[in-house]
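Here's a quick tour of a model, written for someone who likes the cut-offs spelled out. Have the viewer open as you read.

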Amino acid sequence: MISLVIKMNHNEVTWRIFPLNTPTIIRHCSKCNRKMDFYCSEKFRTNSNQTRSDIWLIYKCEKCDTTLKLAIKKGIKPSDLPKERFDKFTNNDVALAWEYAFNCDFLKNHNCVINYASVKYRVDGIESIDLEKPLYIHLKSDFVFDLKLSGFLASTLNLSVTKIKRLAEMGNITTNPECNIAKHKIKSDMEILIHTLSSPLLQPLLLNEPVQ
Ligand SMILES: [Zn+2]
């Protein structure tokens, strides 16, 4: 647990991670005749007759635009789904498409390899870092995309991953809940405390110099 004593004299910031796109998935493309990255079109396809409906999420090959349909529901009756939810499928609700496109169980059930490296993201809140005091970070993330905490901290603090790992080993960076910073992947909201900036590893940051 993070010490309250340390919390009394620190900078407190909230960093919020927003993915800019959904992950691509790797599947065989019949036209390219090899495994390709498919991107989520953020569109659904529904096929309904009077009693039954099928719903798919549509992906497209990055190279040739071949369509790949991932079944979400098959042969459902109108009563199986609240009308509001069904309308979201027919209206191509983007938030709902993202919900499926980040759902690793859904994608793995369709034998997709998820290419998390394709996800670009931005971080809100990092512009207000004051490096004179210990830094207490509330990290908010609504999506899980295999983002390594060490790499994330390295890029946001402009340090190398090696330095982040050394700072963690030295106890200069701790988290709540506790985790192995070298290996942890961000799965939910967490708190990060950078205890001291007097470490020689952080001096380039204080001096605003390029970090090796
Ligand atoms: Zn293709």
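This is a predicted model: local features need pLDDT of at least 70, side-chain atom pairs count only at pLDDT 80 or more; totals for chains, interfaces and linings use all residues.

## A hairpin to start with

Strand S4 (residues 53–61) and strand S5 (residues 67–76) run antiparallel and are held together by seven bridges. Strands here, like helices, are DSSP runs numbered from the N terminus (E, at least two residues, for strands; H or I, at least four, for helices), and two strands count as paired if DSSP finds at least two bridges between them. Five residues lie between the two strands, and Asp65 has a positive phi near 70°.

Numbering starts from 1 along each chain as its sequence is written.

The chain's mean pLDDT (the predictor's per-residue confidence, from 0 to 100) is 88, and 86% of its residues reach 70 or more. Helix H3 (residues 94–101) has the highest confidence, at 98, and helix H1 (residues 4–7) the lowest, at a mean of 45. Over residues 1–7 the pLDDT stays below 50, and this stretch has 10 contacts in the model beyond near neighbours in sequence; a contact means C-beta atoms, placed from the backbone, within 7 Å.

## The five-stranded sheet

Elsewhere, five strands make an open sheet with mixed pairing, in the order S7-S1-S8-S10-S9. Its edges are strand S7 (121–124) and strand S9 (173–176), each pairing on one side only.

## Two cores

The largest nonpolar core has 19 residues, and Ile25, Phe38, Cys40, Phe44, Leu57, Tyr59 and Ala97 have the most contacts inside it. Such a core is a set of buried Ala, Val, Leu, Ile, Met, Phe, Trp, Tyr and Cys residues joined through C-beta atoms within 7 Å; buried means 20 or more other C-beta atoms within 10 Å of a residue's own, all placed from the backbone. Strand S2 (24–29), strand S3 (34–48), S4, S5 and H3 each supply at least two of the core's residues. Leaving out residues up to four places away in sequence, Cys40 touches Thr22, Leu57, Tyr59, Ala97 and Ala101.

A second, separate core has 15 residues, including Leu153, Leu159, Ile164 and Ala168.

Notes:
Two residues are in contact if their C-beta atoms, placed from the backbone, lie within 7 Å. A residue is buried if 20 or more other C-beta atoms lie within 10 Å of its own, exposed if 12 or fewer, and partly exposed in between; C-beta atoms are placed from the backbone.
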